[in-house]
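This report goes through one protein chain, part by part. Please keep the sequence and the 3D view at hand while reading.

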Amino acid sequence: MRFKVELHRDVVWFIRHVCSPDERRDFQERLDRLRDDPLADSEPFADEKFSRRVLRVFFFGRNAAVFRLDLHRERIVVFECHRLRGK
């Protein structure tokens, strides 16, 4: 079963304007793997700023993407991307 992926418009902007070509490629490869098995290539993420429910996060390049997994509709909604802090 392949999950449908939806990207929030802010995620699309982030990918186009902030990420390098290598990071864009890595993002797309991660999404392709998530479509096959969303739990295998991601980690649980809990932050009340986003939701009271536990969400999922995956990493690409020097970035993180937060997504909501809807098993009943077989859908992944990526609604937040941001740079990881560090050197």
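## Residue E74

At 34% relative accessibility, E74 counts as partly exposed, a class that lies between buried (under 20% relative accessible area) and exposed (over 50%), with a 1.4 Å probe and protein chains only. The model is predicted, so local features need pLDDT of at least 70 and side-chain atom pairs count only at pLDDT 80 or more, while totals for chains, interfaces and linings use all residues. Residues are numbered from 1 along each chain as its sequence is written, and side-chain values use heavy atoms, with hydrogens and water left out.

E74 sits in the loop between β4 and β5. Its phi is near 50 degrees, which is a positive value in a residue other than glycine. Leaving out residues up to four places away in sequence, E74 touches M1, R2, F3 and K4; a contact here means heavy atoms within 4.5 Å. From E74 to P38 the C-alpha distance is 10.0 Å, although the two are 36 residues apart in sequence.

## The chain as a whole

How many helices and strands does the chain have? There are two helices and five strands, and their order along the sequence is β-α-α-β-β-β-β. Helices (H or I, at least four residues) and strands (E, at least two) are DSSP runs, numbered from the N terminus.

The radius of gyration of the chain is 12 Å, close to the 12 Å that the globule rule gives for 87 residues, so the chain is as compact as a globular protein of that length. This radius is taken over C-alpha atoms, and the globule rule is 2.2 Å times the number of residues to the power 0.38. Along its principal axes, the C-alpha trace spans about 35 × 30 × 25 Å. Buried residues make up 33% of the 87 residues. Of the contacts with a separation of 6 or more, 51% are between residues 24 or more positions apart.

## Strand β3 and its partners

Is β3 mostly covered or mostly open? Five of its six residues are buried, so β3 is mostly covered. Strand β2 (residues 43–45) pairs with β3 in the antiparallel sense over three bridges, and E43 stands opposite V57 in β3. Two strands pair if DSSP finds at least two bridges between them.

On β4, too, there is an antiparallel partner for β3, with five bridges joining the two. F60 has N63 in β4 as its bridge partner. β3 and β4 form a hairpin with two residues between them, and G61 in the turn has a positive phi of about 55 degrees.

## Residue S42

S42 lies in the loop between α2 and β2. It is buried, with a relative accessible area of 11%. A polar atom of the S42 side chain lies 2.5 Å from the backbone oxygen of P38. Apart from its neighbours within four places in sequence, S42 is in contact with L34, R56, V57, F58 and F67.

## Nonpolar cores

In soluble globular proteins, nonpolar side chains tend to be buried together. A nonpolar core is a set of buried Ala, Val, Leu, Ile, Met, Phe, Trp, Tyr and Cys residues joined through side-chain atoms within 4.5 Å. The largest one in this chain has 15 residues, and those with the most contacts inside it are I15, F27, F58, F60, A65, V78 and C81. The elements that give two or more residues to this core are α1 (9–17), α2 (21–36), β3 (55–60), β4 (63–70) and β5 (75–83). Apart from it lies another core, of six residues, including F45, L55, V57 and V66.

C81 touches V11, F14, I15, F27, F60, A64 and A65, not counting residues up to four places away in sequence.

## Cysteines without a disulfide

A disulfide is a covalent bond between the sulfur atoms of two cysteines. Here it is counted as a pair of cysteine sulfur atoms within 2.5 Å, and the structure holds zero of them. C19 counts as buried at 5% relative accessibility, and C81 counts as buried at 10%.

Definitions and conventions
Polar contact = N/O pair within 3.5 Å; in protein donor to acceptor, adjacent residues only side chain to side chain.
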